[in-house]
Amino acid sequence: MSKPIDFIRQIITKDLADGKNNGKVVTRFPPEPNGYLHIGHAKSICLNFGIAREFSGQCNLRFDDTNPAREDEDFVRQIEADVKWLGFQWQGKSHHASDYFEQLYQFAEQLIERKVAYVCSLDAEQIRVLRGTLTEVGSDSPYRQRTTEENLDFFRRMRAGEFCDGEQVLRAKIDMASPNLNMRDPVLYRIRHLRHHLTGTQWCIYPTYDFTHCLSDAIEGVTHSLCTLEFEDHRPLYDWILQQVDVPCHPQQIEFSRLSLDYTLTSKRMLTRLVNEKVVSGWDDPRMPTLSGMRRRGVPAAAIRDFCNRIGVTRKDQQIESSLLDFCIRQQLDHDAPRAMAVLDPLKIIITNYPAGQSELLPAPNHPNRPELGHRQLLFSRELYIERSDFMENPPKKFFRLAPGREVRLRYAYLIRCEEVIRDTSSGEIIALRCHYDPLTRGGSAADGRKVKATLHWVSAAHAVTAQVRLYDRLFTAPTPDSDNFINELNTDSITVINNAQLEASLAQATDDCHYQFERLGYFYPDSNNQQKQQLAFNRTITLRDNRSKKSTYGKSNTGDSQ
RNA sequence: UGGGGCGUAGCCAAGUGGUAAGGCACCGGAUUUUGAUUCCGGUAUUCCCAGGUUCGAACCCUGGCGCCCCAGCCA
């Protein structure tokens, strides 16, 4: 059965059938450039751009840059890059609400002339008091009855810079007794003597969201203005403003619920704190739920798009389990990522019956289920590294990897048997294993058909390249980090840095557009800083799915574990 | 206790008066040179609760209950 369409697409389909909007569909994605885009934005991007694509319409990228106090050009560039990376394009240049400042100003004068807006000389605190409360109506501002001429004069002097910040505001004249607080004469313009990243010092008055958004939508010919549920109470104001002025069209605002993901934060305010308080290395820290953080960790854009399609679009509060995102990431990577071998916690093994100084090449497929991806040659020699956790001197019942006297397979190489454990005489620590290989098992299968219970990954000690590998885990210990207390709910083990991981030689050439599966460990992605730092580093995107803890009480090792 | 929303499995989500899709998670089992992948099979006698209408209700009506949002010159 094909996926049912969501309620928004149902509305649009009906609008089209009814011949509304001359058969056009125009949406917009309207971020404020005051932070990086995160997984919550991805939902909105996929919705808005996805609808435009499906209905042969158009989706504008429009920056809601009406508050110069917190906005920045760097964020603009980063947001554009992230939207493109996610896989979406927009026609022409990106739009900015600030492009419309002059038009918006003219609309404001229109409101004044039509006697539905006035300049109020109360300060913020007085306005708050007169607004009333949830259960008590507000009362009129003493400036509510100013004449049109007086209002026009004041408003023009506001624009001309004759007043200080906060001294005057332009307000809509609606209804101070409205049960909807947004309709109690909301502020439309405020004075801010601040440089704007695009308009510079051209303006010292800036329109508020409520005034700007609906009019920007109308100016751009948006047909369906999709936003999150918390704006539902603003819809009457959105419609009211559009009804008071002469606009070319009246876009329809439709609200949907925002995304919450377990163990992550989808609030720009809180993410900003993590960055500012240096809890993470930056907005693109691989532990961040930002698009750039996830990209750096190695999450493919296609996985995020798939995730957004799977969660659906409704009006019910969503709290999505992280296992769904994990599933999407693994599914994409399992298909795309070539396999390689890497040992994170090396334990040396010496193949006693393999001649010193000798080596040989063994072919290994790049993907076990996709022969078209070709193969590479692995170097095999007398001294190898295996994962320390793949050996146990006294193995419990369900441990079927290497142990004294036991035979296992080295992937795509030979069957080996452990003959002797070598310890450091003072510490007692196991420093190497002496093993015997069966030359007749080249490639990994025995001519006599005997089976082994385990296949281990390995690298040749002399030929391996050393790299740094970062293992990431969730940033928070709480499924729904508390908005006031989230700093105390950080996972102290959210990053583990391994400096002497031993990788198969082919990985030295890893490029930043290639995701790898390190066999039996997980998916890894070369860090974007590799070039600058002259150091080979990989970020673990996600572990492989692990069923072993379910079927036995014997869990995985530290290096393999997490998430 | 003003206004606006929302309640279908652990998490999402179809369903719009004709007898509960699908995905993730979970539990079995098969295949496997990754304890991966893949493949089969299982998991809601019931839709927040209580009444009512109807031959028939998750869908309609009435009354409750629970959760979310709103008192920025933020968006």
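Helices (DSSP runs of H or I, at least four residues) and strands (runs of E, at least two) are numbered from the N terminus. In this predicted model, local features need pLDDT of at least 70 and side-chain atom pairs count only at pLDDT 80 or more, whereas totals for chains, interfaces and linings use all residues. Residues are numbered from 1 along each chain as its sequence is written, chains are lettered from A and ligands numbered from 1 in the order in which they are written, and side-chain values use heavy atoms, with hydrogens and water left out.

Chain A is divided into domain 1 (7-261), domain 2 (268-336 + 466-542) and domain 3 (343-463), with bounds that come from an automatic or database domain assignment. The C-alpha centres of domain 1 and domain 2 are 34 Å apart, and 32 residues of domain 1 are in contact with 30 residues of domain 2, where contact means heavy atoms within 4.5 Å.

Strand β8 (residues 224-228) contains His224, which is buried at a relative accessible area of 1%; buried means under 20% relative accessible area, exposed over 50% and partly exposed in between, with a 1.4 Å probe and protein chains only. When residues up to four places away in sequence are not counted, His224 touches residues including Ile12, Asp15, Gln252 and Ile254.

Helix α12 (residues 322-336) has 15 residues and should span 21 Å at 1.5 Å a residue, which agrees with its end C-alpha atoms being 21 Å apart; the expected span is 1.5 Å times one less than the number of residues. Among the buried residues of α12 are Leu325, Ile329 and Leu333, and what covers the buried residues of this helix includes α11 (301-311), β11 (318-320) and β27 (537-543).

Helix α12 also gives the most to the surface near RNA strand B, with four residues. A residue is near a strand if one of its heavy atoms lies within 4 Å of it, and of the 68 residues around RNA strand B, Leu181, Thr314, Arg339, Gly443 and Gln517 come nearest. Sugar and phosphate account for 66% of the atoms of RNA strand B that come within 4 Å of the protein.

An N or O atom in the side chain of Arg131 is 3.1 Å from a phosphate oxygen of RNA strand B, while a backbone N or O atom of Tyr209 lies 2.9 Å from a phosphate oxygen of the RNA strand. For Pro179, a backbone N or O atom lies 3.4 Å from a base nitrogen of RNA strand B.

Technical notes:
A polar contact is a pair of N or O atoms within 3.5 Å; within protein, one must be able to donate a hydrogen and the other to accept it, and residues adjacent in sequence count only if both atoms are side-chain atoms.
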